Amino acid sequence: MNFLHKGQRWLPFVVFSLIGLAWLPSLAGPFQFDDYNVIVNHAPVHSLAAWWQSMPGLRPLLKLTYALNWTLSPAPFGFHLLNLLLHLLNGALLLALARRTLPLASPVALFLVALWLLHPVQTEAVTYIAGRSVTLSTTFLFAGLLVLANARAESPLWAALCTAMALAVRETAWVFPAVFALSLWLRGAPAREVWKAVAPSLFVVVVALGIFLVEPHYRGMIDTSFSIRSPDVQLRAQTVAHGYLLGQVFSLSPNIDPDLRVPAVWTTALAGQALVAVTGLAIALLLVLRRRSWLAGGFLWYALLLLPTNGLMPRVDMASERHLYAALFGLLWCGVLLLQSVRWRAVIGTGVVLLFTVALAIRNEDYRSELALWARTSQQSPGKARVWNNLGVACGLAGAPDCADEAFTRAMRLDPHDPRPAVNRHFLLHRRASSPE
(Lines give C-alpha, C1' and ligand atoms only; values in the text may rest on other atoms or scores of the structure.)
Protein backbone atom coordinates (compact mmCIF):
# COMPACT_ATOMS: atom_id res chain seq x y z
CA MET A 1 0.00 0.00 0.00
CA ASN A 2 1.41 3.42 -0.91
CA PHE A 3 2.07 5.76 1.93
CA LEU A 4 0.21 8.61 0.25
CA HIS A 5 -1.66 8.98 -2.97
CA LYS A 6 0.39 10.51 -5.76
CA GLY A 7 -1.27 13.87 -5.29
CA GLN A 8 -0.36 13.89 -1.62
CA ARG A 9 3.31 12.88 -1.74
CA TRP A 10 4.37 16.47 -1.35
CA LEU A 11 2.57 16.70 1.99
CA PRO A 12 5.31 15.27 4.28
CA PHE A 13 7.87 17.64 2.76
CA VAL A 14 5.61 20.64 3.36
CA VAL A 15 4.75 19.56 6.91
CA PHE A 16 8.39 18.94 7.85
CA SER A 17 9.43 22.28 6.32
CA LEU A 18 6.84 24.10 8.42
CA ILE A 19 7.92 22.21 11.53
CA GLY A 20 11.53 23.15 10.83
CA LEU A 21 10.49 26.81 10.61
CA ALA A 22 8.69 26.51 13.95
CA TRP A 23 11.94 25.28 15.52
CA LEU A 24 14.21 27.96 13.99
CA PRO A 25 14.25 30.13 17.17
CA SER A 26 16.04 27.29 18.94
CA LEU A 27 19.16 28.03 16.87
CA ALA A 28 19.71 31.40 18.52
CA GLY A 29 20.20 30.22 22.10
CA PRO A 30 23.52 30.28 23.98
CA PHE A 31 25.13 27.48 25.95
CA GLN A 32 23.09 26.73 29.09
CA PHE A 33 23.59 25.11 32.50
CA ASP A 34 25.20 21.64 32.00
CA ASP A 35 26.40 22.64 28.52
CA TYR A 36 29.36 24.21 30.31
CA ASN A 37 30.21 21.00 32.18
CA VAL A 38 29.95 18.65 29.23
CA ILE A 39 31.09 20.93 26.39
CA VAL A 40 32.43 24.45 27.05
CA ASN A 41 34.65 23.59 30.04
CA HIS A 42 35.26 19.95 29.08
CA ALA A 43 38.63 19.77 27.29
CA PRO A 44 38.22 16.18 25.96
CA VAL A 45 35.60 17.39 23.45
CA HIS A 46 37.60 20.37 22.20
CA SER A 47 39.38 18.37 19.50
CA LEU A 48 39.28 14.93 17.95
CA ALA A 49 42.73 14.17 19.34
CA ALA A 50 41.64 15.15 22.85
CA TRP A 51 38.53 12.99 22.48
CA TRP A 52 40.62 10.00 21.43
CA GLN A 53 43.04 10.45 24.33
CA SER A 54 40.13 10.50 26.80
CA MET A 55 38.94 7.05 25.70
CA PRO A 56 37.78 4.72 27.16
CA GLY A 57 35.23 6.85 28.92
CA LEU A 58 31.58 7.68 29.34
CA ARG A 59 29.32 8.01 26.29
CA PRO A 60 32.08 7.94 23.65
CA LEU A 61 29.85 8.42 20.59
CA LEU A 62 27.99 11.35 22.14
CA LYS A 63 31.28 13.04 23.02
CA LEU A 64 32.54 12.41 19.49
CA THR A 65 29.64 14.48 18.13
CA TYR A 66 30.51 17.27 20.56
CA ALA A 67 34.16 17.10 19.46
CA LEU A 68 33.16 17.29 15.79
CA ASN A 69 30.91 20.27 16.53
CA TRP A 70 33.66 22.05 18.48
CA THR A 71 36.23 21.36 15.76
CA LEU A 72 33.98 22.95 13.14
CA SER A 73 33.11 25.88 15.41
CA PRO A 74 32.96 26.34 19.20
CA ALA A 75 29.96 28.66 18.81
CA PRO A 76 26.63 27.29 20.07
CA PHE A 77 24.90 27.71 16.70
CA GLY A 78 26.45 24.57 15.21
CA PHE A 79 25.51 22.51 18.26
CA HIS A 80 21.92 23.75 18.08
CA LEU A 81 21.76 23.07 14.36
CA LEU A 82 22.85 19.45 14.76
CA ASN A 83 20.34 18.96 17.59
CA LEU A 84 17.55 20.28 15.38
CA LEU A 85 18.61 18.15 12.42
CA LEU A 86 18.62 15.08 14.65
CA HIS A 87 15.11 15.94 15.83
CA LEU A 88 13.83 16.25 12.27
CA LEU A 89 15.66 13.04 11.28
CA ASN A 90 13.96 11.28 14.19
CA GLY A 91 10.63 12.57 12.92
CA ALA A 92 11.36 11.18 9.44
CA LEU A 93 12.35 7.79 10.87
CA LEU A 94 9.26 7.80 13.06
CA LEU A 95 7.04 8.60 10.08
CA ALA A 96 8.52 5.72 8.09
CA LEU A 97 8.06 3.45 11.11
CA ALA A 98 4.48 4.59 11.75
CA ARG A 99 3.39 3.97 8.17
CA ARG A 100 4.74 0.40 8.35
CA THR A 101 3.46 -0.55 11.79
CA LEU A 102 0.68 1.54 13.32
CA PRO A 103 -2.97 0.83 12.41
CA LEU A 104 -3.44 4.39 11.13
CA ALA A 105 -4.20 5.92 7.74
CA SER A 106 -1.14 7.61 6.22
CA PRO A 107 -2.30 11.24 6.74
CA VAL A 108 -3.15 10.36 10.36
CA ALA A 109 0.34 8.91 10.86
CA LEU A 110 1.79 12.18 9.54
CA PHE A 111 -0.41 14.12 11.96
CA LEU A 112 0.81 11.93 14.85
CA VAL A 113 4.46 12.54 13.99
CA ALA A 114 3.80 16.28 13.68
CA LEU A 115 2.36 16.29 17.20
CA TRP A 116 5.45 14.50 18.47
CA LEU A 117 7.83 16.91 16.71
CA LEU A 118 6.00 20.04 17.87
CA HIS A 119 5.21 19.19 21.49
CA PRO A 120 6.82 21.94 23.63
CA VAL A 121 8.11 19.41 26.17
CA GLN A 122 10.62 18.34 23.49
CA THR A 123 12.56 21.60 23.92
CA GLU A 124 14.66 20.21 26.77
CA ALA A 125 15.95 17.44 24.49
CA VAL A 126 16.38 19.66 21.42
CA THR A 127 17.01 23.32 22.37
CA TYR A 128 19.04 22.41 25.45
CA ILE A 129 22.29 21.26 23.83
CA ALA A 130 23.14 18.77 26.60
CA GLY A 131 19.86 17.03 25.78
CA ARG A 132 21.54 15.58 22.68
CA SER A 133 22.20 12.29 24.46
CA VAL A 134 18.45 11.70 24.39
CA THR A 135 17.83 12.77 20.78
CA LEU A 136 20.82 10.86 19.39
CA SER A 137 20.05 7.63 21.26
CA THR A 138 16.46 7.93 20.02
CA THR A 139 17.79 8.10 16.45
CA PHE A 140 19.24 4.63 16.90
CA LEU A 141 16.07 3.39 18.61
CA PHE A 142 13.86 4.43 15.68
CA ALA A 143 16.43 3.14 13.17
CA GLY A 144 16.49 -0.24 14.94
CA LEU A 145 12.70 -0.44 14.98
CA LEU A 146 12.58 0.48 11.31
CA VAL A 147 15.05 -2.19 10.18
CA LEU A 148 13.13 -4.81 12.17
CA ALA A 149 9.91 -3.65 10.51
CA ASN A 150 11.46 -4.48 7.13
CA ALA A 151 11.71 -8.13 8.29
CA ARG A 152 14.84 -9.07 6.32
CA ALA A 153 17.23 -11.83 7.30
CA GLU A 154 19.92 -9.38 8.38
CA SER A 155 17.51 -7.05 10.25
CA PRO A 156 18.24 -8.46 13.78
CA LEU A 157 21.96 -7.80 13.29
CA TRP A 158 21.32 -4.23 12.12
CA ALA A 159 19.05 -3.70 15.15
CA ALA A 160 21.84 -5.03 17.39
CA LEU A 161 24.25 -2.54 15.81
CA CYS A 162 21.77 0.27 16.48
CA THR A 163 21.57 -0.87 20.11
CA ALA A 164 25.35 -0.87 20.44
CA MET A 165 25.61 2.61 18.93
CA ALA A 166 22.88 3.89 21.25
CA LEU A 167 24.67 2.41 24.29
CA ALA A 168 27.76 4.38 23.23
CA VAL A 169 25.59 7.51 23.36
CA ARG A 170 23.54 6.83 26.48
CA GLU A 171 23.64 3.82 28.79
CA THR A 172 19.85 3.84 29.18
CA ALA A 173 19.60 2.12 25.77
CA TRP A 174 19.68 -1.24 27.58
CA VAL A 175 15.88 -1.15 27.33
CA PHE A 176 15.90 -1.29 23.50
CA PRO A 177 15.39 -5.08 23.17
CA ALA A 178 12.17 -4.83 25.20
CA VAL A 179 10.92 -1.99 22.99
CA PHE A 180 11.82 -3.97 19.86
CA ALA A 181 9.92 -6.98 21.24
CA LEU A 182 6.87 -4.85 22.06
CA SER A 183 6.73 -3.40 18.54
CA LEU A 184 7.08 -6.79 16.85
CA TRP A 185 4.49 -8.39 19.11
CA LEU A 186 1.94 -5.66 18.47
CA ARG A 187 2.42 -6.17 14.73
CA GLY A 188 1.43 -9.84 15.11
CA ALA A 189 4.80 -11.61 15.09
CA PRO A 190 4.79 -15.00 16.87
CA ALA A 191 6.88 -15.38 20.02
CA ARG A 192 9.60 -17.44 18.28
CA GLU A 193 10.13 -14.74 15.63
CA VAL A 194 10.19 -12.01 18.27
CA TRP A 195 12.90 -13.86 20.16
CA LYS A 196 15.01 -14.43 17.04
CA ALA A 197 14.70 -10.75 16.12
CA VAL A 198 15.70 -9.33 19.51
CA ALA A 199 18.26 -11.95 20.64
CA PRO A 200 21.29 -10.21 19.01
CA SER A 201 20.30 -6.87 20.61
CA LEU A 202 19.85 -8.58 23.96
CA PHE A 203 23.34 -10.09 23.60
CA VAL A 204 24.74 -6.61 22.99
CA VAL A 205 23.03 -5.35 26.14
CA VAL A 206 24.45 -8.22 28.23
CA VAL A 207 27.97 -7.48 26.95
CA ALA A 208 27.48 -3.78 27.65
CA LEU A 209 26.29 -4.55 31.17
CA GLY A 210 29.52 -6.47 31.78
CA ILE A 211 31.50 -3.46 30.55
CA PHE A 212 29.49 -1.08 32.73
CA LEU A 213 30.23 -3.20 35.81
CA VAL A 214 34.00 -3.17 35.31
CA GLU A 215 34.70 0.15 33.57
CA PRO A 216 35.52 2.64 36.39
CA HIS A 217 33.48 5.58 35.07
CA TYR A 218 30.29 3.57 34.55
CA ARG A 219 30.76 1.56 37.75
CA GLY A 220 31.11 4.83 39.63
CA MET A 221 27.81 6.03 38.16
CA ILE A 222 26.07 2.81 39.21
CA ASP A 223 27.44 2.92 42.75
CA THR A 224 26.54 6.58 43.11
CA SER A 225 23.02 5.92 41.84
CA PHE A 226 22.20 3.22 44.35
CA SER A 227 23.60 5.31 47.20
CA ILE A 228 21.11 8.15 46.61
CA ARG A 229 17.93 6.49 47.90
CA SER A 230 16.75 3.21 49.38
CA PRO A 231 14.30 1.13 47.27
CA ASP A 232 11.35 2.24 49.42
CA VAL A 233 12.26 5.91 49.14
CA GLN A 234 12.88 5.51 45.40
CA LEU A 235 9.41 4.03 44.96
CA ARG A 236 7.87 7.02 46.71
CA ALA A 237 10.00 9.40 44.66
CA GLN A 238 9.06 7.82 41.35
CA THR A 239 5.38 7.74 42.20
CA VAL A 240 5.58 11.53 42.45
CA ALA A 241 7.87 11.77 39.39
CA HIS A 242 5.59 9.81 37.08
CA GLY A 243 2.62 11.87 38.19
CA TYR A 244 4.57 14.97 37.22
CA LEU A 245 5.76 13.57 33.88
CA LEU A 246 2.29 12.45 32.87
CA GLY A 247 1.05 15.94 33.70
CA GLN A 248 3.71 17.45 31.44
CA VAL A 249 2.35 15.49 28.48
CA PHE A 250 -0.70 17.75 28.74
CA SER A 251 1.22 20.87 29.76
CA LEU A 252 2.18 23.70 27.43
CA SER A 253 4.73 25.19 29.84
CA PRO A 254 7.78 22.91 30.34
CA ASN A 255 10.12 23.37 33.29
CA ILE A 256 13.84 22.58 33.05
CA ASP A 257 14.19 22.22 36.84
CA PRO A 258 10.91 21.15 38.49
CA ASP A 259 10.65 21.41 42.27
CA LEU A 260 9.84 17.80 43.15
CA ARG A 261 10.26 16.52 46.71
CA VAL A 262 10.44 12.96 48.00
CA PRO A 263 7.52 12.39 50.41
CA ALA A 264 8.81 11.63 53.91
CA VAL A 265 6.32 8.79 54.42
CA TRP A 266 3.69 6.88 52.52
CA THR A 267 0.31 8.56 52.64
CA THR A 268 -3.01 7.07 51.63
CA ALA A 269 -3.14 9.26 48.53
CA LEU A 270 0.43 8.40 47.51
CA ALA A 271 -0.09 4.67 48.05
CA GLY A 272 -3.32 4.86 46.05
CA GLN A 273 -1.51 6.63 43.22
CA ALA A 274 1.19 3.92 43.17
CA LEU A 275 -1.42 1.16 43.25
CA VAL A 276 -3.34 2.70 40.34
CA ALA A 277 -0.12 2.97 38.32
CA VAL A 278 0.96 -0.61 38.96
CA THR A 279 -2.55 -1.95 38.30
CA GLY A 280 -2.81 0.06 35.09
CA LEU A 281 0.51 -1.29 33.81
CA ALA A 282 -0.48 -4.86 34.72
CA ILE A 283 -3.75 -4.51 32.79
CA ALA A 284 -1.92 -2.95 29.83
CA LEU A 285 0.59 -5.84 29.79
CA LEU A 286 -2.23 -8.38 29.90
CA LEU A 287 -4.06 -6.69 27.02
CA VAL A 288 -0.88 -6.56 24.97
CA LEU A 289 -0.06 -10.24 25.58
CA ARG A 290 -3.58 -11.56 24.98
CA ARG A 291 -5.06 -9.15 22.44
CA ARG A 292 -2.03 -7.33 21.05
CA SER A 293 -3.82 -4.09 21.88
CA TRP A 294 -2.20 -1.03 20.32
CA LEU A 295 -3.94 1.21 22.83
CA ALA A 296 -2.47 -0.69 25.78
CA GLY A 297 0.82 -0.95 23.88
CA GLY A 298 1.17 2.82 23.89
CA PHE A 299 1.18 2.88 27.68
CA LEU A 300 3.73 0.06 27.81
CA TRP A 301 5.92 1.97 25.32
CA TYR A 302 5.81 4.97 27.65
CA ALA A 303 6.64 2.86 30.72
CA LEU A 304 9.47 0.94 29.07
CA LEU A 305 11.27 3.99 27.74
CA LEU A 306 11.09 5.71 31.13
CA LEU A 307 12.18 2.60 33.04
CA PRO A 308 15.96 3.34 32.88
CA THR A 309 15.63 6.90 34.22
CA ASN A 310 12.46 6.65 36.29
CA GLY A 311 12.55 3.10 37.59
CA LEU A 312 14.65 1.22 40.13
CA MET A 313 17.91 3.18 39.69
CA PRO A 314 17.75 6.46 41.64
CA ARG A 315 18.86 9.77 40.15
CA VAL A 316 19.51 13.05 41.94
CA ASP A 317 16.79 14.71 39.87
CA MET A 318 13.57 12.78 40.34
CA ALA A 319 12.31 13.68 36.86
CA SER A 320 13.64 15.47 33.78
CA GLU A 321 11.38 16.34 30.89
CA ARG A 322 13.95 15.42 28.24
CA HIS A 323 13.45 11.78 29.22
CA LEU A 324 9.91 12.04 27.84
CA TYR A 325 11.36 12.55 24.36
CA ALA A 326 10.84 9.05 22.94
CA ALA A 327 8.37 7.89 25.61
CA LEU A 328 5.93 10.63 24.59
CA PHE A 329 5.23 8.89 21.28
CA GLY A 330 3.42 6.00 22.95
CA LEU A 331 0.96 8.26 24.73
CA LEU A 332 0.43 10.35 21.60
CA TRP A 333 -0.43 7.31 19.52
CA CYS A 334 -2.97 6.34 22.20
CA GLY A 335 -4.51 9.80 21.93
CA VAL A 336 -4.64 9.69 18.14
CA LEU A 337 -6.22 6.22 18.16
CA LEU A 338 -8.94 7.53 20.46
CA LEU A 339 -9.32 10.73 18.43
CA GLN A 340 -10.15 8.74 15.29
CA SER A 341 -13.60 7.96 16.68
CA VAL A 342 -14.39 11.60 17.53
CA ARG A 343 -16.69 13.43 15.13
CA TRP A 344 -14.81 16.74 15.02
CA ARG A 345 -11.37 15.08 14.92
CA ALA A 346 -10.03 17.24 12.07
CA VAL A 347 -10.91 20.49 13.84
CA ILE A 348 -9.58 19.26 17.18
CA GLY A 349 -6.39 17.95 15.58
CA THR A 350 -5.73 21.23 13.77
CA GLY A 351 -6.31 23.17 16.98
CA VAL A 352 -3.87 20.99 18.91
CA VAL A 353 -1.16 21.42 16.27
CA LEU A 354 -1.57 25.21 16.32
CA LEU A 355 -1.56 25.23 20.11
CA PHE A 356 1.65 23.19 20.24
CA THR A 357 3.27 25.48 17.66
CA VAL A 358 2.52 28.62 19.67
CA ALA A 359 3.62 26.98 22.93
CA LEU A 360 6.84 25.81 21.26
CA ALA A 361 7.64 29.35 20.09
CA ILE A 362 7.03 30.73 23.58
CA ARG A 363 9.19 28.08 25.21
CA ASN A 364 12.08 28.60 22.80
CA GLU A 365 12.00 32.29 23.74
CA ASP A 366 12.87 31.20 27.30
CA TYR A 367 16.11 29.73 25.94
CA ARG A 368 17.23 32.96 24.27
CA SER A 369 19.56 33.65 27.22
CA GLU A 370 20.58 32.09 30.52
CA LEU A 371 18.93 34.97 32.33
CA ALA A 372 15.62 34.46 30.53
CA LEU A 373 15.66 30.70 31.13
CA TRP A 374 16.34 30.88 34.86
CA ALA A 375 14.05 33.84 35.41
CA ARG A 376 11.26 31.76 33.90
CA THR A 377 12.28 28.70 35.92
CA SER A 378 12.26 30.73 39.14
CA GLN A 379 8.60 31.52 38.44
CA GLN A 380 7.84 27.83 37.93
CA SER A 381 9.93 26.50 40.85
CA PRO A 382 10.07 29.37 43.37
CA GLY A 383 10.88 27.07 46.29
CA LYS A 384 13.95 25.39 44.81
CA ALA A 385 17.33 26.72 45.94
CA ARG A 386 19.25 25.44 42.90
CA VAL A 387 17.01 27.46 40.59
CA TRP A 388 17.76 30.69 42.45
CA ASN A 389 21.48 29.91 42.55
CA ASN A 390 21.47 29.40 38.78
CA LEU A 391 19.50 32.61 38.35
CA GLY A 392 22.12 34.40 40.43
CA VAL A 393 24.91 33.09 38.20
CA ALA A 394 22.95 34.15 35.10
CA CYS A 395 22.36 37.62 36.55
CA GLY A 396 26.04 37.95 37.32
CA LEU A 397 27.05 36.99 33.79
CA ALA A 398 24.50 39.46 32.42
CA GLY A 399 26.03 42.31 34.43
CA ALA A 400 23.16 42.62 36.93
CA PRO A 401 24.83 42.35 40.37
CA ASP A 402 21.77 43.44 42.37
CA CYS A 403 19.69 40.71 40.72
CA ALA A 404 22.47 38.20 41.43
CA ASP A 405 22.75 39.24 45.09
CA GLU A 406 19.01 38.88 45.61
CA ALA A 407 18.93 35.47 43.91
CA PHE A 408 21.90 34.09 45.89
CA THR A 409 20.39 35.38 49.14
CA ARG A 410 17.10 33.69 48.40
CA ALA A 411 18.88 30.42 47.55
CA MET A 412 20.73 30.58 50.89
CA ARG A 413 17.45 31.01 52.76
CA LEU A 414 15.83 28.09 50.94
CA ASP A 415 18.75 25.71 51.53
CA PRO A 416 21.23 26.85 54.20
CA HIS A 417 23.17 23.56 53.83
CA ASP A 418 24.10 24.14 50.19
CA PRO A 419 27.43 26.05 50.14
CA ARG A 420 27.24 27.10 46.48
CA PRO A 421 24.99 30.18 46.83
CA ALA A 422 27.07 31.48 49.74
CA VAL A 423 30.32 30.99 47.84
CA ASN A 424 28.88 32.61 44.72
CA ARG A 425 27.57 35.56 46.73
CA HIS A 426 30.94 35.96 48.46
CA PHE A 427 32.76 36.28 45.14
CA LEU A 428 30.04 38.58 43.81
CA LEU A 429 30.41 40.95 46.77
CA HIS A 430 34.21 40.75 46.51
CA ARG A 431 34.10 41.76 42.84
CA ARG A 432 31.73 44.62 43.61
CA ALA A 433 33.96 45.89 46.42
CA SER A 434 37.12 45.76 44.33
CA SER A 435 35.62 47.28 41.16
CA PRO A 436 36.02 51.05 40.67
CA GLU A 437 32.91 53.20 41.07
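A residue counts as buried when its relative accessible area is under 20%, as exposed when that area is over 50%, and as partly exposed in between. In the predicted model described here, C403 has a relative accessible area of 29% and is therefore partly exposed. A search of the whole structure returns 1 disulfide. Two further cysteines were examined for accessibility: C162 is buried at a relative accessible area of 10%, and C334 is likewise buried, with a value of 3%.

The structure contains 14 aromatic pairs. In one of them, formed by F31 and F79, the ring centres are 5.5 Å apart and the planes meet at 70°, so the arrangement is edge-to-face. F31 is located in the loop between helix 1 (11-23) and helix 2 (35-40), whereas F79 belongs to helix 5 (residues 76-101); the pair therefore ties together parts separated by 48 residues in sequence. F31 and F79 are both buried. A tilted pair is formed by F212 and Y218, with 4.4 Å from centre to centre and 35° between the planes. Burial also applies to F212 and to Y218. Beyond individual pairs, F31 and F79 belong to a cluster in which ring pairs also link Y36, Y66 and W70. An aromatic ring is also involved in a contact with a charged side chain: R292 lies over the face of W185, at 3.6 Å from the ring centre.

At least two lining residues are supplied by each of helix 13 (231-249), helix 14 (268-291) and helix 15 (294-306). Helix 14 makes the greatest contribution to this lining, with 10 residues. By residue class, the lining of the second largest pocket consists of 21 nonpolar, 10 polar and 1 charged residues.

Conventions: Residues are numbered from 1 along each chain as its sequence is written. This is a predicted model: local features need pLDDT of at least 70, side-chain atom pairs count only at pLDDT 80 or more; totals for chains, interfaces and linings use all residues. Side-chain values use heavy atoms; hydrogens and water are left out. A disulfide is a pair of cysteine sulfur atoms within 2.5 Å. Buried means under 20% relative accessible area, exposed over 50%, partly exposed in between (1.4 Å probe, protein chains only). Rings of Phe, Tyr and Trp (its six-membered ring) pair if their centres lie within 6.5 Å; planes under 30 degrees apart count as stacked, over 60 as edge-to-face and the rest as tilted. Helices (H or I, at least four residues) and strands (E, at least two) are DSSP runs, numbered from the N terminus. A charge sits over a ring if NZ of Lys or CZ of Arg is within 6 Å of the ring centre and within 35 degrees of the ring normal. Ala, Val, Leu, Ile, Met, Phe, Trp, Tyr, Cys and Pro count as nonpolar, Asp, Glu, Lys and Arg as charged, and the others, Gly among them, as polar.
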